[in-house]
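Please read them alongside the sequence and the coordinates.

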Amino acid sequence: MDDKEKNELLHGLLELCSPEKVILHGAKRGLSSGRLKAASLCIVVPDCDKSEVLRRLYLHMPLDVQININLYTHAEWQELSEDPDSYAAWIAEKGTVLYES
């Protein structure tokens, strides 16, 4: 993800929710164009109505690419990122932190 895409994404996320952390853990680019086609994000938010936050994010994400979101509350992230067998722990180990408050 280049700086322009990252800045556009983070600006939109900060307007749509109050993330504590945003982690990029997957990105696909077109072979011929090199343009970003899809991104996988992990977003950690304070305790909230996750279904409402996900609805807002999927409807109003600023990038015109496919976005896959793993949304965790603060408490879920704390618990699951410490479990070495969880997907959250894999994301924490392999992903790239784009934003942390």
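1. Helices (H or I, at least four residues) and strands (E, at least two) are taken here as DSSP runs, numbered from the N terminus. On that basis the protein chain holds 4 helices and 4 strands, and from the N terminus on its elements follow the order α-β-β-α-β-α-α-β.

2. This is a predicted model, in which local features need pLDDT of at least 70 and side-chain atom pairs count only at pLDDT 80 or more, while totals for chains, interfaces and linings use all residues. Residues are numbered from 1 along each chain as its sequence is written, and side-chain values use heavy atoms, with hydrogens and water left out.

3. Helix 3 (residues 74-81) packs against helix 4 (residues 87-94) at an angle of about 85°, their axes lying 7 Å apart; axes are lines fitted to C-alpha atoms, for helices over the stretch in contact, and angles run from 0 to 180 degrees between N-to-C directions. Helix 3 is therefore roughly perpendicular to helix 4, a term that covers angles of 65 to 115 degrees.

4. In this pairing, Trp77, Leu80 and Ser81 of helix 3 meet Ala88, Ala89, Ile91 and Ala92 of helix 4, where contact means heavy atoms within 4.5 Å. The residues of this contact divide into 6 nonpolar, 1 polar and no charged, with Ala, Val, Leu, Ile, Met, Phe, Trp, Tyr, Cys and Pro counted as nonpolar, Asp, Glu, Lys and Arg as charged, and the others, Gly among them, as polar.

5. Across the protein chain, residues 24 or more positions apart account for 64% of the contacts with a separation of 6 or more. Along its principal axes the C-alpha trace spans about 40 × 30 × 20 Å.

Technical notes. Angles under 35 degrees count as roughly parallel, over 145 as roughly antiparallel, 65 to 115 as roughly perpendicular and the rest as oblique.
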